[in-house]
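Take a look at the structure below. This short report walks through two parts of it.

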Amino acid sequence: MNLHSIEAGNFKLDGGAMFGVVPKAIWNRTNPADNNNLIDIAARCLLIEDGNRLILIDNGMGNKQSEKFFGYYYQFGGFNIDQSLKNAGFHRDDITDVFMTHLHFDHCGGSVIWNKDRTGYEVAFKNAKFWTNKNHWEWATKPNVREKASFLRENIIPMQESGQLNFIEKPNGNFGFLKELGFSIFYADGHTEKQMLPHIEYNGKTIVFCADMLPTAGHIPIPYVTGYDTRPLLSMDEKDIFLKAAADNNYYLWLEHDAHNQIITVQHTEKGVRLKDVFHCNEILK
């Protein structure tokens, strides 16, 4: 097995929204804001090369939305998924599976493209199976008012119409093994219904793709949950369980949204679970 970091594009979000009720005077220490109160955000996806499978976990915003839409997110850095795949030696047509932690636009927008010649939406990975779970699909296709702006039909419905959409069978508890793709999944409901966090065994390490359970290293303290979370009290309970397990088992935490800290480990302290070490992807994936 080989793992590759796939940078799908950096952007900026309101720091207050990203830290909920935590005062700026506190979160600004770890995630400094610019003059518009915006903080740096990444879309750091993960590519798993395993035998004849090439599995992409999340895929960023994509590029099909309007100039007005992207004007809200202040993209920077010049990253895009096609160049990142090329740097890893692949093309989007090589992808066999696209696993989506959840269907918010900044995690699955790259699943669908606008085909100018055919004047319509189509899947961006024509040879891939797209993986989500039925509970989350229902949540995304019949969205609540709070999340409606994050679930865009043009990102979601074309996957179903293509016939390439697959549902993962959820186990009875919050943890299960996805035999089709060869990794375990932790299910969490605080941020959104049935968000899925892959746990990948690699070279004697457990790498956990944190998605929006832990957006950045600055979100480690339990009360630091985003204003986007639909059930913040549940988010805190789930994060407490997750981070204790991460400290107990020395998980390597893949931070999808942290533009400056790529992979971290955590440890138990008198103040609770806190940051231990920070790694560049190349240090862990070599």
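## The model

This is a predicted model. Keep that in mind while reading.

Start with Asp 97. This residue sits in strand 6, which spans residues 97-99. Is Asp 97 buried or exposed? Its relative accessibility is 0%, and buried means under 20%, so Asp 97 counts as buried.

Which residues does Asp 97 touch, leaving aside those up to four places away in sequence? They are Arg 53, Leu 54, Ile 55, Leu 56, Ala 128, Lys 129, Trp 131 and Leu 181. Two of these partners deserve a second look. Leu 56 is 41 residues from Asp 97 along the chain, yet their C-alpha atoms are separated by 6.2 Å. Trp 131 is joined to Asp 97 by a polar contact of 2.9 Å between the side chains.

## Strand 12, an enclosed strand

Now move to strand 12, residues 183-188. Six of its six residues are buried, so the rest of the structure largely encloses this strand.

## The partners of strand 12

One partner is strand 11, residues 175-178. Strands 11 and 12 run antiparallel and are joined by four bridges. Across this pairing, Gly 176 stands opposite Ile 185.

Another partner is strand 13, residues 195-202. Strands 12 and 13 pair in the antiparallel sense over five bridges. Here Phe 186 stands opposite Leu 197. This hairpin has six residues between the strands, and Lys 194 takes a positive phi near 55°.

Key: Residues are numbered from 1 along each chain as its sequence is written. This is a predicted model: local features need pLDDT of at least 70, side-chain atom pairs count only at pLDDT 80 or more; totals for chains, interfaces and linings use all residues. Side-chain values use heavy atoms; hydrogens and water are left out. Helices (H or I, at least four residues) and strands (E, at least two) are DSSP runs, numbered from the N terminus. Buried means under 20% relative accessible area, exposed over 50%, partly exposed in between (1.4 Å probe, protein chains only). Contact means heavy atoms within 4.5 Å. A polar contact is a pair of N or O atoms within 3.5 Å; within protein, one must be able to donate a hydrogen and the other to accept it, and residues adjacent in sequence count only if both atoms are side-chain atoms. Two strands pair if DSSP finds at least two bridges between them.
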